Amino acid sequence: MWEEAQTPGGSASAVFPGLLRRSEVGLGRVPETFAEVRGKLPCAFSNASRPVNRIVVTKAPTACWNRGSPLPRLSCGLRVGLTRRQDPDNRSLKDTMFARGLKRKCVGHEEDVEGALAGLKTVSSYSLQRQSLLDMSLVKLQLCHMLVEPNLCRSVLIANTVRQIQEEMTQDGTWRAVAPQAAGRAPLDRLVSTEILCRAAWEQEGACPAPGLGDGHTQGPVSDLCPVTSAQAPRHPQSSVWEMDGPRENRGSFHKSLDQIFETLETKNPSCMEELFSDVDSPYYDLDTVLTGMMGGARPGPCEGLEGLAPATPGPSASCKSDLGELDHVVEILVET
Amino acid sequence: MAESGGGNDIQWCFSQVKGAVDDDVAEADIISTVEFNHSGELLATGDKGGRVVIFQQEQENKIQSHSRGEYNVYSTFQSHEPEFDYLKSLEIEEKINKIRWLPQKNAAQFLLSTNDKTIKLWKISERDKRPEGYNLKEEDGRYRDPTTVTTLRVPVFRPMDLMVEASPRRIFANAHTYHINSISINSDYETYLSADDLRINLWHLEITDRSFNIVDIKPANMEELTEVITAAEFHPNSCNTFVYSSSKGTIRLCDMRASALCDRHSKLFEEPEDPSNRSFFSEIISSISDVKFSHSGRYMMTRDYLSVKIWDLNMENRPVETYQVHEYLRSKLCSLYENDCIFDKFECCWNGSDSVVMTGSYNNFFRMFDRNTKRDITLEASRENNKPRTVLKPRKVCASGKRKKDEISVDSLDFNKKILHTAWHPKENIIAVATTNNLYIFQDKVN
C-alpha cells in the first residue's frame, strides 16, 4: 500500500540534502536542543524551586555543552506551542474547529477554513479539517520531543490518530494530492521522516511507535535524525503553507543561535549514539554497562537498518550545519503558525 | 453505613475547604492524588511538589451531633524530591502520582506513595509522651557533668504535645523505565503491584532490592507500539487476581496462578465500538484513565474520557452499566484535542456500599451516579457557598442553544478548572474533591 502512496514530492531531500548523511554522522543529540530550549521557557511545568538547569548533558564524558546559551528566537517561537491550553495564537484554529467534531461521515461542511490552509482550496472542507487535524497532531508529536519527559501515553494516542488519518487519506487517494510540490524526493526520505516522528522521545525511554508509515518497512530507526526530520515531517503535507510564509529570510537568525549548541556536537563520539537510544531497562543505572557500550560494543538494534540505507560515512559537521540552518527555519515556521 | 438511597437522596453540604485562596496557583500546590485510609479517619493528599499532607478527622463531638468531625492537618512531609537521571538526561518529577494506605496493624499508619519512578513506604507514628528525668542528660539534651550527679532517679514518661512523625521505611526504586501510573496493595497485605506505561511489577513490602515483572507489553520492535497500560489494581479479595487497563479501552484480568508472566490475560473486557459515533478521536476518548474494583469485588468501574462504565467480572463483552459524564463535550472533541484537554485523566470512586459512583469533570463540576435509582447529580466545588452545612445546589450544563436559568452553556465552561481526583469515605457519606490546588470536603446533611 505504501509503495503506491509514495509520492514524488521530495521536498525533504531538496531542502535538506544532507538528510541521510546526518544520520551517519551520528548526531544523536540533536533532539536535546529542544529539550535545552525548554529550560528557558515559561513552560507549564517549569518549577521555580528546581535548581536543575534543563539543559541536557551529553553522555560522552569529554563533550562539553554550552550551558546557558541564549536562544531567544527559538524560545519565543516554541512558547506558542508549549503553552497549550490557553494559547491565543491557536485560537483561530480553535474557533474554526470548536463546534465540530471531526467525524468521518461529516461531509459537506461549509465553513470556510481560514488563513494558512487556504492554499489547499481545491480540497473539500472535510479534507481540510482532516488535514489540519493531521497537522495539529504532527506538531503535537514534534513538541513531544521538546519535552524532557514526554508522556508516552499521549504520544502513542497522537501517533495512532496520525496513522488513522494517513490511512484514510491513502484510501481516499488524497494523500498523493496533498504531497509537497518539490519533486525528486526519495520515497525513503518521506517514510523515514514521518516514521521517526516520535522516535526521539521514545528512544530516550526505549520506546517508539511509528505513526503508520513504518508498516511494511523494516528499515531501522533513524534515531538521531529526530528533531531534524520531525521538524520537516509536517512539512510534506503542508508545504504550501510554508511556501506562503516566505520562509527563507528567517533562516539566518536561527542559524546563529543553534550554532552555539551544535558546535559542541562535533566532539561527540558517534558510536555512543546507539547506546543513548538503547533500551535501558536493567541494569538501569549500571554505569559500567553503559560505558562499555559506549566504547566499542555498538548495539546493532537501533541503527542496523540505517546502515542498510546508505553507506555509513562520517559526515563532516559543516554539512550538518547547513542542514540545520534549514531546519531552523522549518521549526520557526512550524511554531509560528 | 452509606445509605442505599444513594447520591440523590442525600443532600450534600459543604463542610471544609483546604488550600490557598488566591487564584494564582503555585505549581507545587497542585493536588495530584487524594485517598482515604481504610477507616476513613485519615485523608491523604499528594501534590506536584512531592509533598504528602494527611488530614485527620476529629473525634465526633457527642454534644454537637449535627456534624461529623472535621478534618484537620495531621502530618505534612516531603515524600519525594526532584531527581535528575544522569544517564538519560531527564528530570524526574517529584509529583506524587498515587498514594495507597496499608490497613492498620498497630499504632502506626503506613502508606505507599509514588512518583514517576520510585515508590516509598512511609510510617506515620504519633508520639505523645517523652521520657523525662535522665540522670546524665539535661532536659534539653545536653550532657551533665557526671561529677555533679549526687542522686539517682528513674526516668519516667510524661505527656507532651502530640507530635506526628513520618519516616520512610522502604524505598522501592530503579524498577521502572517508564512512568509509574498505579500502585495497588494486594489483599494479602504483603505484596503490591506498581504499573508503568508498559510493565507491571510485583513487590514484597519487605524487599526493596528486587521485584517480579508480571506484565510486559513492550513490543520487541518499538515501532509496533500502539497501546500502553494506563491503570492497574489488585482484586480486593482474591490475592491472585488483578486487572490492568489500556489506552485502547480494554481491561485485562490476569490470574497470577496461571503463569509467572501474566502477559496472557484470563479475561479481556472490551466493548465493541459504536460505529455511529466513530471519529478520529474515538480511540483517544476510549482510553481508560482509571479502573477501580467495587468493595465487593464483583464489579469494576472504568473511566474513559466521556463516560463511566461498570463491568461485571463475569461478563467480558460489554459493561453492565454506562453513565455519561459530560456527553456535551462529544461535539467539542477537536477543540479539546487541540488544547490537550482530551488527554486529561479523570479518576473515579465507589461509595462504601457500592451503590453510588463519583467522578470529576470540568468547571470544577463533579458527578455522582446512583446505580439503584439511576439518577445522577452534578455538583460544583467552589468557594462561593462557603458556609458549613450549606446544601449544594445541583448544577446543569446546557448542551444545545436554549439555556435555561441557572444552567451553564458548554462554551462557558472553564476547562482549566478540572476535578481529576475524588475520594469517598469508606464508611460514611463524606467525600473529598480536589480542584487544582484546593481540597473540598463535603458531607451529607445530618439531621
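Accessible areas come from the Shrake-Rupley method with a 1.4 Å probe, and for residues only the protein chains shown count as cover. By this method, chain B of the predicted model exposes about 19400 Å², and carbon and sulfur atoms supply 48% of that area. The model is predicted, so local features need pLDDT of at least 70 and side-chain atom pairs count only at pLDDT 80 or more, while totals for chains, interfaces and linings use all residues. Side-chain values use heavy atoms, without hydrogens and water.

Chain B comes to two helices and 32 strands (DSSP runs, H or I of at least four residues for helices and E of at least two for strands, numbered from the N terminus). Of its 447 residues, 56% are buried, meaning under 20% relative accessible area with a 1.4 Å probe, protein chains only.

Helix H8(A) deserves a look of its own. Of its 21 residues, 18 are buried, so this helix is largely enclosed by the rest of the structure. At its start, a side-chain oxygen of Asn151(A) reaches to within 3.1 Å of the backbone nitrogen of Cys153(A). After H8(A) comes Gly173(A), with a positive phi near 85 degrees.

Conventions
Residues numbered from 1 in each chain as written. Chains lettered and ligands numbered in written order. Buried < 20%, exposed > 50% of the residue type's maximum accessible area, 1.4 Å probe, protein only. Polar contact = N/O pair within 3.5 Å; in protein donor to acceptor, adjacent residues only side chain to side chain.
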